[in-house]
Protein chains: 2
Amino acid sequence: MKEVPVGVSARHIHLSSEHIGILFGAGYVLNIMKPLSQPGQFAAEETVAVVGPKGKFDKVRILGPARNSSQLEISRTDAFGLGVNPPVRESGNIAGTPGIKVIGPAGEVELKEGVIVAARHIHFHTSDAEKWSIADKQKLKVRLNGERPLIFEDVIARISDQFALDMHIDTDEANAAGVKTGDIAVIVDVL
Amino acid sequence: MKEVPVGVSARHIHLSSEHIGILFGAGYVLNIMKPLSQPGQFAAEETVAVVGPKGKFDKVRILGPARNSSQLEISRTDAFGLGVNPPVRESGNIAGTPGIKVIGPAGEVELKEGVIVAARHIHFHTSDAEKWSIADKQKLKVRLNGERPLIFEDVIARISDQFALDMHIDTDEANAAGVKTGDIAVIVDVL
């Protein structure tokens, strides 16, 4: 069985160095609260507020390190709450997505784009992908046997020797299936 | 193809006549805002507030007519917001479920039980069920081909000559699949 641990992503934001400087002050360096499953990635101690046309979230966790472009990842439920209509996208693919206002302790930034609902995906270390004959960008069919069993289609494979095996879904997907971080997903088909 | 229209249930409450009297005043009769897909059921003009240990929802729609027992149906996301931990249950099966405080314009009620996450199900008119050879309480496997395709297992068949064909899912399930009321689900297997 091709078993993969599940990681549930709550709403979070990635920030560029420039935006960290505006939101927290010039030269500010994020503090590591805890490392994430992917090597080098971390949840920062710092949070920001995000404000949309219909609503606001006061404490959105920043994930580090800094990226080239700022990106807010939210669930569809969150999107209705904020009053924005982001597409489902792979991380980093933000062209044409909605913007949002971000507020930090030292200033605020009006993102021109960068709000997405993250497309579900599995990170594979190169060795896992070879063992299971899975190719980068391949779409997979994955079963989550939670309180309410669901089969996810179109789960994108992402392969790197910098990745650790982990299936990333958002809170809507986790709640619909009744699963939590650390539960086990099973790849049932390679599409 | 066994095609079924989808109905997305936002959080809502069913109230007993006794509780309608306490919340809105003795002898109060709910006003119909709009009929629902199931014959005789309606969304009322009236709303109530519900208050849990961690949060509150100010305007929870009442669905009528009055029932024998009051019952609050919420998504898992809503449950985290309120700070309650309801089980996934079929409507009406509320023994041992958490309670909640309900506030109306004329008074408040502390429900001793009745908070559930509604188990996904399909209402079949007897004629639909006969045509497709589906039995009452049978579990079905159903595909929702939304923005993020999902296959739902353990979808419960409910059959009556009082029912109209309709698949009921909650907002977490709808958002995870990227579907809305009126979209079409397809029954892919009878389990």
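Which residues does S75(A) touch, not counting residues up to four places away in sequence? Here are some notes to read beside this predicted model, starting with that serine.

1. **A serine in a loop.** The residues that S75(A) touches are V117(A), D170(A), T171(A) and D172(A), leaving aside residues up to four places away in sequence. To find S75(A), look in the loop between β6 (71-73) and α2 (76-82) of chain A. Its relative accessible area is 2%, so S75(A) is buried, the cut-off for that word being under 20%. The side chain of S75(A) also reaches the backbone nitrogen of D78(A), at 3.0 Å. Keep D170(A) in mind, since this residue comes back in point 5.

2. **How the two chains are related.**

3. **The interface in numbers.** The size of an interface is often given as the accessible area lost when the parts come together. Here, the area buried between chain B and chain A is about 2,000 Å², with carbon and sulfur atoms giving 48% of it. Three residues, R148(B), I151(B) and N175(B), supply 30% of the area that chain B buries against chain A, more than any other three residues. In terms of contacts, 23 residues of chain B meet 23 residues of chain A.

4. **What the touching side is made of.** There are 17 residue pairs in polar contact between chain B and chain A, counting pairs with both residues at pLDDT 80 or more. On chain B, the elements that each supply at least two residues to the side touching chain A are α2 (76-82), β10 (115-118), β12 (139-144), β13 (150-160) and α4 (171-177). Of these, β13(B) gives the most, with five residues. Sorted by class, this side of chain B has 10 nonpolar, two polar and 11 charged residues.

5. **Salt bridges across the interface.** Side chains of opposite charge can pair when their charged atoms come close. Between chain B and chain A the count is eight salt bridges, while over all chains it comes to 22. In one of them, R148(B) pairs with D170(A), and the closest N and O atoms are 3.2 Å apart. R148(B) lies in the loop between β12 and β13 of chain B and D170(A) in strand β14 (residues 166-170) of chain A, so this pair joins two chains. R148(B) counts as buried at 4% relative accessibility, and D170(A) does too at 6%. A network of salt bridges links R120(A), D170(A), E173(A) and R148(B).

6. **A second pair to look at.** E147(A) and R76(B) also meet through their side chains in a salt bridge (3.2 Å, N to O). Because E147(A) sits in the loop between β12 (139-144) and β13 (150-160) of chain A and R76(B) in helix α2 of chain B, this pair joins two chains as well.

7. **A helix with a covered side.** Finally, turn to helix α1 (residues 17-24) of chain B, where H19(B), I20(B), G21(B), L23(B) and F24(B) are buried. Their cover includes β4 (42-51), β5 (56-64), β8 (100-103) and β9 (108-111) of chain B. After α1(B) comes G25(B), with a positive phi near 115 degrees.

Key. Residues are numbered from 1 along each chain as its sequence is written. Chains are lettered from A and ligands numbered from 1 in the order in which they are written. This is a predicted model: local features need pLDDT of at least 70, side-chain atom pairs count only at pLDDT 80 or more; totals for chains, interfaces and linings use all residues. Side-chain values use heavy atoms; hydrogens and water are left out. Buried means under 20% relative accessible area, exposed over 50%, partly exposed in between (1.4 Å probe, protein chains only). Helices (H or I, at least four residues) and strands (E, at least two) are DSSP runs, numbered from the N terminus. Contact means heavy atoms within 4.5 Å. Buried area is the accessible area (1.4 Å probe) that two parts lose on being put together, summed over both. A salt bridge is a side-chain nitrogen of Lys or Arg within 4 Å of a carboxyl oxygen of Asp or Glu. A polar contact is a pair of N or O atoms within 3.5 Å; within protein, one must be able to donate a hydrogen and the other to accept it, and residues adjacent in sequence count only if both atoms are side-chain atoms. Ala, Val, Leu, Ile, Met, Phe, Trp, Tyr, Cys and Pro count as nonpolar, Asp, Glu, Lys and Arg as charged, and the others, Gly among them, as polar.
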